[in-house]
Every structure is written in C-alpha cells, then in structure tokens.
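Visitor: Hi! I have this structure open and could use a hand finding my way around. Can we go through it together?

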Amino acid sequence: MKSAIAYITNRYLRNFGYEIKATALLPKQNLLGIKNKFNIRTILDAGANLGQFAQWSRVEFPNATLHSFEPVLATYKKLQATAQHDPLWNTYNLALSSEKCVRQINVHVDHPSSSSLLESTPIEAELYPSTNRKVKNDVNCITMDEWVEESNPLIDNDILLKMDVQGHEASVLKGGKRTLQKVQVVIVEAIIEQLYHSQTKFSELVALLDNASFDFIGVMEHGFTSQGNVVSLDAVFFKRH
C-alpha cells in the first residue's frame with residue numbers, strides 16, 4: 001500500500017518538478033558508504049571558501065581534525081572567523097598547488113567562490129554573468145607535501161581530501177603524491193563544462209587518482225545549467241585495497 005501511495009504521489013509531484021525519495025538513498029545522506037568503510041580522523045579542505053564543506057564535515061565527522069586552505073584573503077578572513085571557536089579546525093591563507101610560489105589568482109568580485117588560479121572562458125561568463133567582474137591578487141602557493149613537512153601537523157593515515165579548486169585539481173594532486181599515500185577518500189568538485197582555460201578534465205582526474213590507487217565510486221551531487229546540462233559534479237574516490 002505504501003509503495004502504491006508513493007508511486008501515485010510522485011507521479012503527481014513530477015508535474016511540478018519534484019519527487020519524494022527516502023533520504024537513505026541520497027548520496028549526500030549515506031555518503032556512498034564512507035563512514036562504513038573508513039574512520040576519517042583528518043580532513044584536508046582545499047578551496048575552503050567560507051567553510052561550507054568543513055561545517056558539513058564537522059557534523060558527519062565530529063572528531064576529525066580539519067585543515068582548511070583558502071587563498072582569497074577577504075574570503076579567508078571570514079573563514080577564519082567562522083573556525084576560531086572550533087579547536088579542531090585550522091585555517092590557512094594558502095593555495096595548494098604543484099609548487100611553492102607566489103601566483104596571481106583571478107578573484108571574481110561578485111562570486112568569490114568561483115575564483116581561480118586559471119583564466120575563465122567565455123562559457124563561464126555566459127553561464128554565470130556574476131563572474132564577469134574580476135581583479136587579480138597575489139596568493140601564496142604551497143604543495144600539499146611541503147605543507148605537511150613544514151607544518152608537521154598531527155595527521156593520521158585515515159585522511160579525507162576534499163578539493164574545490166576550480167579546475168586546478170591536477171596541480172594539487174601532483175604536489176601531494178606522498179600525502180596521498182595516507183589519504184583514504186577524495187571528494188572533488190570536477191568541472192565538466194569548459195569554465196577555465198587548461199582546467200583539469202574529468203578523464204585526467206580519474207587517471208591521476210587511478211595512478212595513486214584510487215577508484216571512482218560515485219557522485220555525491222551534480223551542478224546543472226537551466227537546460228539540464230551537467231556543469232560540475234562532486235565525485236568520490238576510495239583508496240584501492
């Protein structure tokens with residue numbers, strides 16, 4: 001009887017663009033089995049923005065130590081203010097990359113979360129007009145491996161690496177080969193549309209992580225255009241055992 005009612009209800013709701021689903025079936029709720037397979041103790045949050053992922057992580061992994069990296073200074077100050085009351089949440093005004101250097105970042109004034117070390121394409125301007133106004137700022141870059149060696153943080157082998165670095169994923173991975181040996185889970189916002197010049201393609205991302213002994217498990221969420229085209233997806237990878 002319940003399944004018949006659900007079927008009829010969903011058939012009606014689909015006319016308005018909605019559907020009822022059990023939350024246990026949603027990847028954002030079941031985390032594609034992360035908590036069943038791994039005891040995550042450390043989270044490396046590359047491209048933290050205002051700390052949205054870190055705050056979500058704190059609920060899902062309440063005892064994990066968070067290390068959030070945000071290169072845009074104005075955004076970082078807000079992140080720092082949010083994190084200051086959490087003793088297990090550390091923040092750094094740095095960009096993770098393939099080398100230790102100072103680079104210019106393209107700051108999208110009206111949409112800071114899409115700021116990137118890469119130049120935007122006309123496709124991004126068309127899909128997201130709020131990214132048109134830009135300024136360039138210097139940012140300090142460091143590799144994941146160098147950060148570990150210099151900061152000497154207490155890091156266990158059960159690491160979750162999250163990347164939301166606007167097409168710069170390959171550089172982050174190339175600069176963290178030794179650290180990746182301790183990582184068990186990677187969650188990355190992979191961009192499908194060509195929003196940035198020289199951005200990491202999804203196929204390249206899969207190949208790099210496969211070479212580092214990670215398997216693609218599934219997708220947590222999608223980002224779509226108004227026409228239904230996939231712009232980005234939150235891809236999940238597990239360490240191969």
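Guide: Happy to. Keep in mind that this is a predicted model. Let's start with α10: this helix lies across β7 (159-163), β8, β9 and β10.

Visitor: At what angle does α10 run to β10?

Guide: At about 10°.

Visitor: And what sheet are those strands in? Which order do they come in?

Guide: They belong to an open sheet of seven strands, ordered β3-β2-β1-β7-β8-β10-β9, with mixed pairing. At its edges are β3 (89-92) and β9 (214-224), each of which pairs on one side only. On average, neighbouring strands in this sheet are turned by 15° against each other, direction ignored.

Visitor: How do β9 and β10 pair, parallel or antiparallel?

Guide: Antiparallel, over eight bridges, with β10 covering residues 230-239. If you want a spot to look at, find Phe216, which stands opposite Phe237 in β10.

Visitor: Is Cys141 buried or exposed?

Guide: Cys141 is buried, with a relative accessible area of 3%.

Visitor: What about aromatics? How many pairs are there?

Guide: A search of the whole structure turns up seven aromatic pairs. One of them is Phe38 with Phe238, an edge-to-face pair with 5.0 Å from centre to centre and 75° between the planes. Phe38 sits in the loop between α3 (34-37) and β1 (42-46), while Phe238 is in strand β10, so the pair ties together parts that are 200 residues apart in sequence. Both Phe38 and Phe238 are buried.

Visitor: Nice. What about Tyr92 and Trp147, how are their rings set?

Guide: Their ring centres are 5.3 Å apart and the planes are at 75°, so Tyr92 and Trp147 are edge-to-face. This pair links distant parts of the chain, with Tyr92 in strand β3 and Trp147 in helix α7 (residues 144-151), 55 residues apart. Tyr92 and Trp147 are both buried. Together with Phe69, they form one aromatic cluster.

Visitor: Last one: where is Leu195?

Guide: Leu195 is in the loop between β8 (183-191) and α10 (202-211).

Visitor: A loop residue, then. Is Leu195 buried or exposed?

Guide: Buried: its relative accessible area is 6%.

Visitor: And what does Leu195 touch?

Guide: Leaving aside residues up to four places away in sequence, Leu195 touches Glu119, Ser120, Thr121, Ile123, Glu124, Leu127, Tyr128 and Val231.

Visitor: How far is Leu195 from Ser232?

Guide: They are 37 residues apart in sequence and 9.9 Å apart in space, taken C-alpha to C-alpha.

Key: Residues numbered from 1 in each chain as written. Predicted model: local features only at pLDDT ≥ 70, side-chain atom pairs only at ≥ 80, totals over all residues. Heavy atoms only, no water. Helix = DSSP H or I, 4+ residues; strand = E, 2+ residues; numbered from the N terminus. Buried < 20%, exposed > 50% of the residue type's maximum accessible area, 1.4 Å probe, protein only. Contact = heavy atoms within 4.5 Å. Pairing = 2+ DSSP bridges. Axes fitted to C-alpha atoms, helices over the stretch in contact; angles between N-to-C directions. Phe/Tyr/Trp six-rings, centres within 6.5 Å; stacked < 30°, edge-to-face > 60°.
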